[in-house]
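Please consult the sequence and coordinates displayed below while reading.

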Amino acid sequence: MKSQDVMPNLHIALQQHFGFTQFNPGQEQVINHLLVGNSACAIFPTGGGKSLCYQLPALLLSGLTLVVSPLIALMKDQIDALQKRGIAAARLDSTLSADEYRDIVNQARDGLLKLLYVAPERFNNERFRSTIERLPISLFAVDEAHCISHWGHDFRPDYRMLKERLTLLRSAPVIAMTATATPLVQNDIAHQLDMPIAKRYIHGFRRTNIAIEVTEMPQRARG
């Protein structure tokens with residue numbers, strides 16, 4: 001998909017699918033970068049709109065966006081919000097019955113899904129790997145990407161295997177997202193996902209909608 005075919009429609013798509021009239025700082029730049037087939041690392045504060053950076057491209061790209069997320073609760077929250085907006089999203093996890101699993105896989109094969117969420121451990125399943133090799137993956141999104149580096153060895157070792165799994169997705173661009181990452185962690189994320197020259201979008205962590213106020217209280221008299 002060429003950038004000139006998509007860029008003029010971004011604000012229309014944003015309002016149509018998500019009800020927003022403008023982007024948060026950095027979002028539009030990341031989205032445009034992905035839509036022309038480039039990989040990126042997005043380091044935005046919590047609540048800064050990281051998820052939109054892959055959710056909107058997922059709707060504009062022709063294939064499926066595969067999202068790696070560490071927790072079922074996080075997946076469920078995002079999928080529930082997307083489905084309420086009429087966006088075809090689903091997850092594959094251990095809570096599904098065999099029939100539910102097959103139904104979601106069939107939806108993905110038939111092109112009925114735009115976003116499919118999985119945990120990193122899902123790639124250990126040979127049946128799943130065989131399935132995604134046959135799917136038209138347009139974008140690969142890695143949420144909580146600091147797990148690859150900062151917590152990777154002890155917290156979720158399978159995050160460290162994603163570099164190898166990327167070979168299943170052929171040439172799909174990658175977006176790695178996290179709320180915090182030191183330069184050392186950023187470099188390790190880029191290395192572990194085999195995207196050393198990917199552009200990094202780093203936005204400040206100052207939240208103007210949050211304020212801290214200290215009020216001095218009088219001391220009680222001691223009796």
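**Sheet, helices and cores**

Val-142 is positioned opposite Ala-176, a residue of strand 6. The model under discussion is a predicted one. The two strands concerned, strand 5 (residues 137–142) and strand 6 (residues 174–178), are paired in the parallel sense over three bridges.

- Seven strands form an open sheet with parallel pairing, in the order 3-4-2-5-6-1-7.
- Strand 3 (89–92) and strand 7 (199–202) are the edge strands, each of which pairs on one side only.
- On average, and with direction ignored, neighbouring strands of this sheet are turned by 20 degrees against each other.

**Helices on the sheet**

- Helix 6 lies across strand 2 (64–68), strand 3 and strand 4 (115–118), and runs at about 130 degrees to strand 3.
- Helix 9 (residues 183–192) packs on the sheet, where it touches strand 1 (40–43), strand 6 and strand 7.
- The direction of helix 9 makes about 140 degrees with that of strand 7.

**Nonpolar cores**

- The largest nonpolar core has 39 residues, of which Leu-66, Leu-92, Phe-123, Phe-140 and Leu-193 touch the most other members.
- Helix 6 (residues 98–109) supplies four residues, the largest share of this core.
- Another core, of 34 residues, lies apart from the largest one and includes Leu-10, Val-30, Leu-35 and Ala-89.
- With neighbours within four places in sequence left aside, Leu-193 is in contact with Val-142, Ile-148, Leu-162, Leu-166, Val-174 and Ala-176.
- Leu-193 therefore contacts both Val-142 and Ala-176, the residues that stand opposite each other, where contact means heavy atoms within 4.5 Å.

Conventions: Residues numbered from 1 in each chain as written. Predicted model: local features only at pLDDT ≥ 70, side-chain atom pairs only at ≥ 80, totals over all residues. Heavy atoms only, no water. Core = buried A, V, L, I, M, F, W, Y, C linked by side-chain atoms within 4.5 Å. Buried < 20%, exposed > 50% of the residue type's maximum accessible area, 1.4 Å probe, protein only. Pairing = 2+ DSSP bridges. Axes fitted to C-alpha atoms, helices over the stretch in contact; angles between N-to-C directions.
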